[in-house]
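Subject: The structure we talked about

Hello,

Here is the structure I promised to pass on. Please open it beside this email, and my notes follow below.

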Amino acid sequence: MDKPLKILVVSQYFWPENMRINNMVEGFVAKGHEVTVLTGLPNYPEGQVFTAYKKDPPQFSNYHGAEIVRVPMLPRGRSSVTLALNYLSFFSSASAVGAYKLRKHKFDVIFVYAVSPIMAAIPAIVIGGLKKTPVLLWVLDLWPETLSAVGMIKNKRLLALVGSMVSWIYNRTDYLLMQSKSFEENIRKYCRKDISPERLIYFPSWAEEDFHSEIEVPSDILLRDSSVFTIVFAGNLGEAQDFSSILQAVELLGSELPVRWVIVGDGRVSNWLHEQVAIRKLSNVLLLGRHPLEKMPALFAAADALLVSLKTNEVFEKTVPGKVQAYLASEKPIIAMIDGEAARVVNEAGAGMTCQSGDASGLAGIVGAMAALKPEQRQEMGKAGRQYYLEHFSKDRLFDRLEIIFRKARIRRSKAL
């Protein structure tokens, strides 16, 4: 039997924040491995440190048997300035304070959960260098292109500087795991040193929960209504999700089709969205706010179709939003206003209907087409999506594969020493 691994997970975000990395940590502890998490203070997405944490920090020092090591940092707040300071404070604090707190720990591998910001990889590289431990970086966003795509940074010199930092990180990482196959060209561009194929690995996301469970209790967020076609969007409400085009599609359909648009989540455009729905008098758009992940299976069960969207952008074309896996797992048909890799997945799975990003009339068209299908036809789409999920994104399969990658990384590093 293989010896249990000692794994350090570095992530700016972790429980009690709702993040996919929580799943992985729980899964690897269940496999018998010793997992330590280096993270910050929980403050996402509200921008303020969670009240429950402030009242009793020790209560949040262990997660399903994994030790949690937290470092001080500034909360995100609600402005771009406080967000930048939040990023800066975490990677600097984790590199110094984190390295000190972990000075007596030994690890076989270090895994970086690299949602934005990519700087979360810096403390992992520092600690990996001190402990001569391989570092594996899971690339979930393409920096600096994503910063430009969402309008966070427009200055070309500053973007070039961020690009240099990305190169520095990639060149000092032992393995780069890609969330999307389309990431490879971009990643290689920033790898100033040649990286062998065995160290550049496609590793997609999974659904945090098995959304395909027999729902015995109806959703307390949304009641099922068979008199209308119900579309649910669940997730981050940001600039990238292109709610402007979604609202245009709502207006284009008007009252010609009994459709209920249900939006669940929170984010930077939440206030704008509430204002626009009120100004445009869109009574069939329901904004239900943010709800815990465990509420989602029942919510999805009350829907006729699930909506995913991203703005038109070369970077977004290469990305598969995490909600796509959750939608596929739920066995519900998908309506996707999206380009590139995510559209390919939906179409290849036969799991729904797609139109181009930013195409409001196209979205209105596929909503009408989806609503016109017989329930049995939509069920077949949902089943096809579920089967595709099990074959490509099953959590158990991915965790087994990641364990193999961890062991190879440890052996490779031990031979190099």
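This is a predicted model: local features need pLDDT of at least 70, side-chain atom pairs count only at pLDDT 80 or more; totals for chains, interfaces and linings use all residues.

Glycine 32 comes after helix H1 and has a positive phi, near 100°. H1 itself is mostly covered, with nine of its eleven residues buried. Among the buried residues of H1 are Arg20, Ile21, Met24, Val25 and Phe28.

Arg20 also turns up in the surroundings of tryptophan 138, which I would look at next. Beyond its neighbours within four places in sequence, tryptophan 138 is in contact with Arg20, Phe111, Val112, Tyr113, Ala114, Leu177, Met178, Gln179, Phe203, Pro204, Ser205 and Trp206. This tryptophan sits in strand S6, residues 135-139. Is tryptophan 138 buried or exposed? Its relative accessibility is 0%, so tryptophan 138 counts as buried. Its side chain reaches the backbone oxygen of phenylalanine 203 at 2.8 Å. For a sense of distance, the C-alpha atoms of tryptophan 138 and tyrosine 44 lie 20 Å apart, and the two residues are separated by 94 places in sequence.

Tyrosine 44 has a point of its own. The peptide bond that leads from tyrosine 44 to proline 45 is cis, with omega near 5°. Proline 45 is placed in the loop between S2 and helix H2 (51-55). There is also a cis peptide bond between tryptophan 15 and proline 16, where omega is about 15°. Proline 16 belongs to the loop between strand S1 (6-10) and helix H1 (20-30).

Now to the strands around S4. Strand S4 (residues 66-70) is mostly covered, since four of its five residues are buried under the 20% cut-off. Which strands pair with S4, and in what sense? Strand S2 (residues 34-39) pairs with S4 in the parallel sense over four bridges, and here leucine 38 stands opposite valine 69 of S4. Strand S3 (residues 62-63) runs antiparallel to S4 and is joined to S4 by two bridges. Asparagine 62 has glutamate 67 as its bridge partner in S4. S3 and S4 make a hairpin with two residues between them, and histidine 64 in the turn has a positive phi of about 55°.

Two other residues with positive phi are worth a look. Lysine 132, which is not a glycine, has a positive phi of about 55°. Lysine 132 is in the loop between helix H4 (121-131) and S6, and counts as exposed because its relative accessibility is 52%. Glutamate 331 has a positive phi near 65° and is likewise a residue other than glycine. The loop between H12 and S13 holds glutamate 331, which is partly exposed with a relative accessible area of 26%.

Six parallel strands form an open sheet in the order S11-S10-S9-S12-S13-S14. Strand S11 (285-289) and strand S14 (352-355) are the edge strands, each pairing on one side only. From one strand to the next the twist averages 20°. Strand S13 (residues 334-337) pairs with S14 in the parallel sense over four bridges, and isoleucine 335 stands opposite methionine 353 in S14. Helix H13 (residues 340-349) packs on this sheet and touches S13 and S14, with its direction at about 150° to that of S14.

How do H12 and H15 lie relative to each other? Helix H12 (residues 322-329) and helix H15 (residues 375-392) pack at an angle of about 120°, and their axes are 7 Å apart. H12 and H15 are therefore oblique to each other. From H12, the contact is made by Gln325, Leu328 and Ala329, and from H15 by Gly385, Arg386, Tyr388 and Tyr389. By class, the residues in this contact of H12 with H15 are four nonpolar, two polar and one charged.

Happy to hear your thoughts once you have had a look.

Best wishes

Technical notes
Residues are numbered from 1 along each chain as its sequence is written. Side-chain values use heavy atoms; hydrogens and water are left out. Buried means under 20% relative accessible area, exposed over 50%, partly exposed in between (1.4 Å probe, protein chains only). Contact means heavy atoms within 4.5 Å. A polar contact is a pair of N or O atoms within 3.5 Å; within protein, one must be able to donate a hydrogen and the other to accept it, and residues adjacent in sequence count only if both atoms are side-chain atoms. Two strands pair if DSSP finds at least two bridges between them. Axes are lines fitted to C-alpha atoms, for helices over the stretch in contact, and angles run from 0 to 180 degrees between N-to-C directions. Angles under 35 degrees count as roughly parallel, over 145 as roughly antiparallel, 65 to 115 as roughly perpendicular and the rest as oblique. Ala, Val, Leu, Ile, Met, Phe, Trp, Tyr, Cys and Pro count as nonpolar, Asp, Glu, Lys and Arg as charged, and the others, Gly among them, as polar.
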